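Subject: Structure handover

Hello,

Please find the structure below, with the sequence. My notes on it come after.

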Amino acid sequence: QILNSAFSDDPLIPKPPKSHPLPLVSVLMGSDSDLPSVRDAARILDQFKVPFEIHIVSAHRTPTLMVQFCKEAASRGVRVIIAAAGGAAHLPGMVASESSLPIVGIPVKGPTLDGVDSLHSIVQMPRGVPVATVGINNSTNAGLLAVRILGTTIPKYAVAIEEYRVNMERVVLEKGKKLDE
Ligand code: RP5
């Protein structure tokens with residue numbers, strides 16, 4: 001069984017949120033250096049009270065762990081996998097090839113090439129192996145998409161997304177009103 005991955009002891013690298021024992025969503029990242037880019041997805045899942053887990057799983061550095069993770073995820077109750085990677089960002093695509101769950105890919109912006117390398121690596125999947133790719137570093141949308149997918153079968157998440165949308169509209173309209181004053 002997959003347990004929490006060991007994250008770096010480097011005090012400069014933010015600690016990940018704690019994994020839930022019975023997660024509906026798995027958040028994977030290729031490296032602990034991706035953690036800042038997945039934090040907003042974790043915040044959204046937390047906000048919507050979705051049980052989730054978070055692991056480092058690398059398509060290149062820990063391929064055996066990645067395959068094992070994919071084999072076990074659905075039977076552990078996971079419904080959606082969010083996978084973040086940068087550079088030669090093969091993790092989301094490889095997870096999509098090893099699992100039948102819906103995969104949301106987050107292209108991470110690395111120190112070079114502005115994340116376009118990651119975006120192209122994740123979005124240009126061959127027909128038959130889909131990855132729902134969000135914008136570069138847009139892990140907020142990855143979290144929201146995962147909640148929406150859960151909402152198709154778990155009504156409380158659909159209701160919560162509806163409330164989120166209504167609230168977002170209200171906030172934007174209020175901002176517009178303030179501009180007109
Ligand atoms: C990818 O390589 C990771 O997703 C990360 O974005 C990138 C660089 O990893 P590190 O060299 O920072 O560990 O696999």
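Predicted model: local features only at pLDDT ≥ 70, side-chain atom pairs only at ≥ 80, totals over all residues.

Residues are numbered from 1 along each chain as its sequence is written.

The sheet

Helices (H or I, at least four residues) and strands (E, at least two) are DSSP runs, numbered from the N terminus. Two strands pair if DSSP finds at least two bridges between them. Five strands make up an open sheet with parallel pairing, in the order E2-E1-E3-E4-E5. Its edges are strand E2 (52-56) and strand E5 (132-133), each of which pairs on one side only.

Helix H1 (residues 35-47) packs on this sheet and touches strand E1 (25-29), E2, E3 and E4; contact here means C-beta atoms, placed from the backbone, within 7 Å. The direction of H1 makes about 170° with that of E1, where axes are lines fitted to C-alpha atoms, for helices over the stretch in contact, and angles run from 0 to 180 degrees between N-to-C directions.

A residue is called buried if 20 or more other C-beta atoms (placed from the backbone) lie within 10 Å of its own, exposed if 12 or fewer, and partly exposed in between. Five of the five residues of E1 are buried, so E1 is largely enclosed by the rest of the structure. Val25, Val27 and Met29 lie on one side of the strand, with Ser26 and Leu28 on the other. E1 pairs with E2 in the parallel sense over five bridges, and Ser26 has Glu53 of E2 as its bridge partner.

Strand E3 (residues 80-86) runs parallel to strand E4 (residues 103-108), joined by six bridges. Gly86 stands opposite Val108 in E4.

Helix H6 (residues 155-180) has 26 residues and spans 38 Å from first C-alpha to last, close to the 38 Å expected (1.5 Å times one less than the number of residues). H6 is hardly covered, with one buried residue among its 26.

Ser97, in helix H3 (residues 91-98), is partly exposed, with 17 other C-beta atoms within 10 Å. Its C-alpha is 9.6 Å from that of Val67, 30 residues apart along the chain.

The ligand

Around the ligand are Gly30, Ser31, Ser33, Asp34, Ser58, Ala85, Gly86, Gly87, Val108 and Gly110, counted as near if the C-beta atom, placed from the backbone, lies within 6 Å.

Regards

Note on methods
Contact = placed C-beta atoms within 7 Å.
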